[in-house]
Amino acid sequence: MDRYLAMQLLPLFLFGVGAFTSVVLAIDSLFELLRKVVESGLPINIALKVFVLKLPYVMVYSFPMSTLLATLMTYSKLSSESELIALRGCGVSVYRMVLTAVLLSSLVTGMTYIFNEQIAPAANYEATRTLEQALKSDKPSFKQQNIYYPEYREIKEKDGSTTKILSRLFYADQFDGKQMQGLTIIDRSREGLNQILVSESAQWNASQKVWDFYNGTIYLVAPDRSYRNILRFEHQQLQLPRTPLNLAENSRDYGEMNISQALQQLEVERLAGNPQKIRKLEVRIQQKIAFPFVCIIFGLVGSAMGTIPQRTGRGTSFGISVIVIFSYYLLLSVSGALAQADILSPLIGAWLPNLFGLVTGLFLLMRVAQR
């Protein structure tokens, strides 16, 4: 029975992956790439490369939808042809019939996690970089704001313990792809001498591996916190780490980070102290963890709905799948927005749609089993 059900589910799942991926990719990327080819002169080979790199990101969302479609259509067909009634007559419970779909959905959950964590973020980031490089112009293609990078050092206390204190703080208002603008640097890396640097702009000098600062002032602060000297300059070179530039250049969108990268970014945002960005990133991390498990939920809901005695065709099953998918993503958007607004916790906001789907699937399954 398990082998028979699996062979019924697999072709429909693959059909769903192809259908949903094609539709979503056409809406999300294809038309935009064609517009860039026509209006911006994007080379066809680059457009094709970006199109292929976008595939894993879209496939991640097609896996749960395909699971729902496959289970609903398969069990609806078996129900309409009285095969499920025959199985029940042989002593097979509804729970045992649905278990096959749930186990296969668990495998899809693992596949979704691998794609969502290892493949899709890297491919999506590469697609963005490829498109930016292909459309590069004199005007920078990206702009980062509020670049914040702290460095710490450990000092030993008299009792032998160690304490971590701020060694250097680097802040820039924005980075336009070439220069940092509006810089403030607090340097406490040397004992007995602190300095505060305020500069209009700065640029990394790759040949000398130093920073070139322009139009600024350096305030030297004595150990007693009094000003020792003030130095104004038009051009000044300082040996500081390149890390702030790496941070600005490698900044990624939420869809371009895996969970590990998102957690690292969260630490940076917490140091920057922007509550809105921190909250949004916390919600996105929880959603990234919760999302693969929707495959199991959709597998349960689809098979439970399919086992209800009915006479429905493939068109009806597809329509029901669209309604369920729309309802899930609507609830996901609403709960995510409530979590970002601090009305719900990030954990509840991310997992609430899954919990609602689980309760719905179990309720439908219990009703069918009681008939």
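The model is predicted, so to speak of a local feature we need pLDDT of at least 70, and side-chain atom pairs count only at pLDDT 80 or more, while totals for chains, interfaces and linings use all residues. Residues are numbered from 1 along each chain as its sequence is written, and side-chain values use heavy atoms, without hydrogens and water.

First, the pocket. On a 1 Å grid over the protein atoms alone, a pocket is an open set of points with protein on both sides within 12 Å along at least five of seven lines; a cavity is a set where a 1.4 Å probe fits but cannot get out; lining residues have an atom within 4 Å of a point. The second largest pocket holds about 500 Å³, volume being the space filled by probe spheres set on points joined across faces, edges and corners. It has 22 lining residues, and Y57, Y61, Y254, R284 and Q287 are the closest to its centre. Helix α9 gives the most, six residues; helices here are DSSP runs of H or I, at least four residues, and strands are runs of E, at least two, numbered from the N terminus.

Next, α7. Residues R279, E282 and Q287 are among those of α7 that touch α10, where P346 and W351 are among the partners; contact means heavy atoms within 4.5 Å.

Now the cavities. There are three of 30 Å³ or more. The largest, about 50 Å³, has Y149, R168 and P244 among its lining residues.
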